[in-house]
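Please have the coordinates open as you read.

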Amino acid sequence: MKRVFGVKKDKEPPPSIQDASDRINKRGDNVEEKLKKLDAELSRYKEQIKKTRPGPAQEAIKARAMRVLKQKRMYEGQRDMLYSQTFNLDQVAFASEGLKDAQQTMSALKSANKELKGMMKTVNIQDIDNLQDEMMDMMDVSNEIQETLGRSYNVPDYIDEEELMGELDALEADMGSEADGIPSYLQPDKEEPDVDTEFLPAAPTGNTTAAQQGEDEHGLPTVPRASLRS
């Protein structure tokens, strides 16, 4: 049967966009090479036309130049058409790449959505609220314990604040009196007035009888002569 009908050939895969673009670019390069050759030939004909006198020879050169110019216009049209095809293929390739990226993005989102749904099943918002409430209660109890342990045993609760302010003012006044840096308890006491000398009358300063009497060699008062005569 295979000899009669032959073997069915496998179909070749259709060319990809990149393959078609590469083929068109290759054709465009060939057209560019032909255009360069035609430009060089036209330049040569122009020089010949300038050097040749008007006549049959110059007309023949112009005819050949006209033929080359027509070929150049044709190749330029083919080049523009190939450039348009390449541009269209690039647009299609860009759109195709965008769709592939969109498909990959959708697949990634579906996978992430499925994973998030599985994780959300293990998390309960009510459990989180209860946990937060328990943590706040434990922090309040901990603060109360710290305040209780931080109380001082020697400071009574009935201390008068006004009395403390009075002591503070006295301390500031005491510190102000220490101008030269010597504590108040080391400063000399002020001199107190002598009671005996302050309140007793002063000794008389006038001449008295005892002051007018002389003294002998032994320091005793001398007797007046008038008293000895009597």
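## Salt bridges and their surroundings

Asp-80 is partly exposed, with a relative accessible area of 41%; here buried means under 20%, exposed over 50%, and partly exposed in between (1.4 Å probe, protein chains only). A word on the ground rules: this is a predicted model, in which local features need pLDDT of at least 70 and side-chain atom pairs count only at pLDDT 80 or more, while totals for chains, interfaces and linings use all residues. Residues are numbered from 1 along each chain as its sequence is written, and side-chain values use heavy atoms, with hydrogens and water left out.

The side chain of Asp-80 forms a salt bridge with that of Arg-79, at 3.8 Å from N to O. The term stands for a side-chain nitrogen of Lys or Arg within 4 Å of a carboxyl oxygen of Asp or Glu.

| Side chains | N to O distance |
|---|---|
| Arg-79 and Glu-32 | 3.5 Å |
| Asp-39 and Lys-72 | 2.7 Å |
| Asp-80 and Arg-79 | 3.8 Å |

Which residues are linked in a network of salt bridges? They are Glu-32, Arg-79 and Asp-80. Helices here are DSSP runs (H or I, at least four residues), strands are E runs of at least two, and both are numbered from the N terminus. Glu-32 counts as partly exposed because its relative accessibility is 22%.

Asp-39 and Lys-72 also meet through their side chains in a salt bridge (2.7 Å, N to O). Here too distant parts of the chain are linked: Asp-39 belongs to helix α2 and Lys-72 to helix α3, 33 residues apart. Lys-72 has 17% relative accessibility, so it counts as buried, whereas Asp-39 is partly exposed at 31%.

## A nonpolar patch

Met-165, Leu-168, Leu-171 and Met-175 make a nonpolar surface patch of about 390 Å². Among them, Leu-168 lies in helix α5 (residues 161-177) and is partly exposed, at 38% relative accessibility. Such patches are made of residues with over 30% relative accessible area and no salt bridge; like charges are joined within 9 Å, nonpolar side chains (Val, Leu, Ile, Met, Phe, Trp, Tyr) within 5 Å.

## The chain overall

The protein chain has 8 helices and 0 strands. Of its 230 residues, 8% are buried. The chain exposes about 21,500 Å², with carbon and sulfur atoms supplying 56% of that area, computed by the Shrake-Rupley method with a 1.4 Å probe.
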